[in-house]
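Student: I have a new structure to read. Can you walk me through its features?
Tutor: Gladly. Let us look together.

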Amino acid sequence: MSSARSNSPEAPEAPADERLDGPRVALKILVAGGFGVGKTTLVGAVSEIRPLRTEEALTDVGSAVDDLDGVAAKTTTTVAMDFGRITLRDGVAVYLFGTPGQERFWFMWNELSRGALGAVVLADTRRLMASFASIDYFERKGTPFVVAVNCFEDADRYEPPEIRTALDIDPHVPVLLCDARRTGSAKEVLVSLVEHALRLAGGSGRRG
């Protein structure tokens, strides 16, 4: 999925006092998941600045190692990261880093995850197995994460409890349905992650 907002103008300038002082709180969030699940789209949907993207065209050589099952129409791929920013109320700035989905670029994950509050793992019900690598990675690192199922129009619909069972996700991890193209839906996912991470930091909702 590609975002229709890649060429949208930047947001209006912030008030002078905000520009001078900067955000009172800055949070780093990763957007992860398998190849073609909509990470670039989600970052573009909520970013108030022109998103930074590192996309390259798919080639015949890459098709030998990239799994295009279910995303045959996709023509580009993220090779390093996507970057965007959204300012929430009370001066909270969220910096979004979209991770590359193909296995050959996973070496970027360790660098991108440094200092992150948490992660959104995007999933596609047509290719749920593509989510396992991201889930396993954040579980091993102890990074708070939520699973957000991007509801593609041609995909079968399942309720969050069914998805939780299929992905074998712990009960305390939020599972949500979303449309990565819609700003409001993408914001709800980010808010859910921030709330989840704060609960864990406060000792509420921990496993065991």
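The dialogue below takes up salt bridges, cysteines, a loop residue and cavities.

Student: What kind of model is this, and how are residues numbered?
Tutor: The model is predicted: local features need pLDDT of at least 70, side-chain atom pairs count only at pLDDT 80 or more, and totals for chains, interfaces and linings use all residues. Residues are numbered from 1 along each chain as its sequence is written, and side-chain values use heavy atoms, with hydrogens and water left out.

Student: How many salt bridges does a search of the whole structure find?
Tutor: Start with the idea. Side chains of opposite charge can pair when their charged atoms come close. The rule here asks for a side-chain nitrogen of Lys or Arg within 4 Å of a carboxyl oxygen of Asp or Glu. The search finds 6 salt bridges. One of them joins Arg85 and Glu48, at 3.0 Å from N to O.

Student: Where do Arg85 and Glu48 lie?
Tutor: Arg85 is in strand S3 (residues 76-88). Glu48 is in the loop between helix H2 (39-46) and strand S2 (52-57). The two are 37 residues apart, so this pair links distant parts of the chain. Helices (H or I, at least four residues) and strands (E, at least two) are DSSP runs, numbered from the N terminus.

Student: Which residue forms a salt bridge with Asp154?
Tutor: Arg126 does, with the closest N and O atoms 2.9 Å apart. Asp154 lies in the loop between S6 and helix H5 (160-167), and Arg126 in the loop between strand S5 (118-123) and H4, so the pair ties together parts that are 28 residues apart in sequence. Asp154 is exposed, at 59%. Arg126 is partly exposed, at 30%. There is also a network of salt bridges, which links Asp124, Arg126 and Asp154.

Student: How many disulfides does the structure hold?
Tutor: A disulfide is a covalent bond between the sulfur atoms of two cysteines. The test is a pair of cysteine sulfur atoms within 2.5 Å. This structure holds 0 disulfides.

Student: Where does Thr143 lie?
Tutor: Thr143 sits in the loop between helix H4 (132-141) and strand S6 (145-150). Thr143 is buried, with a relative accessible area of 15%. Contact means heavy atoms within 4.5 Å. Beyond its neighbours within four places in sequence, Thr143 is in contact with Gly118, Ala119 and Phe138.

Student: How many cavities of 30 Å³ or more are there?
Tutor: On a 1 Å grid over the protein atoms alone, a cavity is a set of points where a 1.4 Å probe fits but cannot get out; lining residues have an atom within 4 Å of a point. The count is 2.

Terms used
1 Å grid on protein atoms, 1.4 Å probe; cavity = no way out; pocket = protein on both sides within 12 Å on 5 of 7 lines; lining within 4 Å. Points joined across faces, edges and corners; volume = space filled by probe spheres on them. Buried < 20%, exposed > 50% of the residue type's maximum accessible area, 1.4 Å probe, protein only.
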